Amino acid sequence: MLNQEKCPSGFEFTFEAILDARTAHRQSPTDDEDSESLTSNVREFPERFGRTYHAYKDGAYVFPNDSNEQARMEYLGQKIIGEILDGRLHLAPFSRGRPPKRVLDVATGTGDWATQMGDRYPTAYVEGIDLSPIQPLIVPPNVQFFVQDASEQWNYKQPFDFIHTRLTLGSFADFKKEVIQQAFDTLEPGGWLESLDANGVCQSDDGTLTPDSALGRWTRDLNAASEIIGKPLCVAHKLRGWFEEVGFVDIHEHGYKLPINGWPDDPFWSEIGRMSEQNLLHGLDGFSLGLFCKAFERTPEQVRVALVDVRRDIQDTSIHGYQLLYVVWGRKPG
């Protein structure tokens, strides 16, 4: 079952926060350049549908940030993605023998990946940026978190040699321009960008997931709603092409079929599917409420009633559904 332990929330933060990306000139963990202080309203998360959402740039991200969502994100990252990548935090060619020097984690969420990177590479400076200050108080001394809108202009004085994004679907209007191009411009020559994401589409190869099923309608509505609000969910399959267009070289792509439940015969992927089922069931309200109420003007009651049948489909192992997960990494020439 999904770990229900609550992540830290509602605490006083000791890290700095940049409330305007144009002032984001951090140079090192000891950089004493002035930055705007973290104002109280950034931590006063608005409540909707019984969930909390980020306060800074309220509405820019339609999914919740409360302790239940934090637990789901960490379960997805540590358990599911961790298993698929065999415990590796990245596929870009860094190691303890060849560690990165400066790492930027874009849309860091709970900061779990950035914190693990700080532990693994103690000589590196690791920075995580996000709209929500939901990261832990206790982190390695080489890790810092900042409140920042990554869709705005980046103005770092020092380049990074590794920039990372993970599961940021629905966060950006133009991922190529706002993230990939800015990462290219912000990396030092020879630096790497790695993006891991899943397309927000459930599908099957054998016709067991039909378009008129509850799950088929839900995944279609999910993507239509994301297009309406201008934050498309189904872009992961475009990552490699965007890397190429921006100018990255030595581009690699790994693709995985992420089962929605335990239907696969292979024991490894069946277990991945069972974990994915728990993740989907746990996140279904959060995925749907803000997006459908905003894009389609549905009531929360209408959304929740429709999700009853979607939950049933997710748990039906006769439906051989999956999502496509992509990991793409490339190097800036030089």
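Modeller: Let's start with the labels: helices (H or I, at least four residues) and strands (E, at least two) are DSSP runs, numbered from the N terminus. With those labels, Thr-168 sits in the loop between β6 and α4. This is a predicted model, where local features need pLDDT of at least 70 and side-chain atom pairs count only at pLDDT 80 or more, while totals for chains, interfaces and linings use all residues. Residues are numbered from 1 along each chain as its sequence is written, and side-chain values use heavy atoms, with hydrogens and water left out.

Colleague: Okay, how many helices and strands are there in the protein?

Modeller: Eight helices and nine strands. The protein has 334 residues, and 55% of them count as buried (under 20% relative accessible area; exposed is over 50%, partly exposed in between, with a 1.4 Å probe and protein chains only).

Colleague: Back to Thr-168, then. Is Thr-168 buried or exposed?

Modeller: Thr-168 is buried, as its relative accessible area is 3%. Apart from neighbours within four places in sequence, Thr-168 is in contact (heavy atoms within 4.5 Å) with Val-106, Ala-107, Phe-175 and Asp-197.

Colleague: And what is the order of the strands in the open sheet?

Modeller: Pairing comes first here: two strands pair if DSSP finds at least two bridges between them. The open sheet has seven strands in the order β5-β4-β3-β6-β7-β9-β8, and the pairing is mixed. At the edges are β5 (143-147) and β8 (249-259), each pairing on one side only. Direction ignored, neighbouring strands of this sheet are turned by 15° against each other on average. Angles like that come from axes, lines fitted to C-alpha atoms (for helices over the stretch in contact), and run from 0 to 180 degrees between N-to-C directions.

Colleague: Which strands pair in the parallel sense over five bridges?

Modeller: That's β4 (residues 125-130) with β5. Look for Val-126, which stands opposite Val-143 in β5. For the antiparallel sense, go to β9: β7 pairs with β9 over seven bridges, and nine bridges join β8 to β9. Leu-325 in β9 is a handy landmark, being the bridge partner of Ala-198 and also of Tyr-256.

Colleague: How many residues of β9 are buried?

Modeller: Eight of its ten, which leaves β9 mostly covered. Helix α2 (residues 67-84) lies across β6 (160-166), β7 (187-198), β8 and β9 (322-331), and runs at about 115° to β8.

Colleague: Which strands does helix α4 lie across?

Modeller: Helix α4 (residues 175-186) lies across β6 and β7, at about 150° to β7. Several α4 residues are buried, among them Phe-175, Val-179, Ile-180 and Phe-184. Their cover includes β6, β7 and α6 (239-246).

Colleague: Now helix against helix. What describes two packed helices?

Modeller: The angle between their axes and the distance between the axes. Take α5 (residues 214-228) and α8 (residues 300-314): their axes come within 8 Å and cross at roughly 110°. That makes α5 roughly perpendicular to α8 (65 to 115 degrees; under 35 is roughly parallel, over 145 roughly antiparallel, the rest oblique).

Colleague: At what angle do the axes of α5 and α7 cross?

Modeller: Roughly 55°, with the axes coming within 9 Å. That makes α5 oblique to α7, and α5 passes α7 in a left-handed crossing. Residues making the contact include Trp-218, Leu-222 and Ala-225 of α5 and Phe-287, Leu-291 and Phe-292 of α7. This contact counts eleven nonpolar residues, two polar and one charged.

Colleague: Where is Lys-294 placed?

Modeller: In helix α7 (residues 267-296). Lys-294 is partly exposed, as its relative accessible area is 49%. Leaving aside neighbours within four places in sequence, Lys-294 is in contact with Gly-59, Val-62 and Ile-229. Lys-294 and Gly-59 are 235 residues apart along the chain, yet their C-alpha atoms are separated by 9.7 Å. Across the protein, 73% of contacts between residues at least 6 apart in sequence join residues at least 24 apart.

Note on methods. A crossing is left-handed if the near helix is turned anticlockwise from the far one by less than a right angle, and right-handed if clockwise. Ala, Val, Leu, Ile, Met, Phe, Trp, Tyr, Cys and Pro count as nonpolar, Asp, Glu, Lys and Arg as charged, and the others, Gly among them, as polar.
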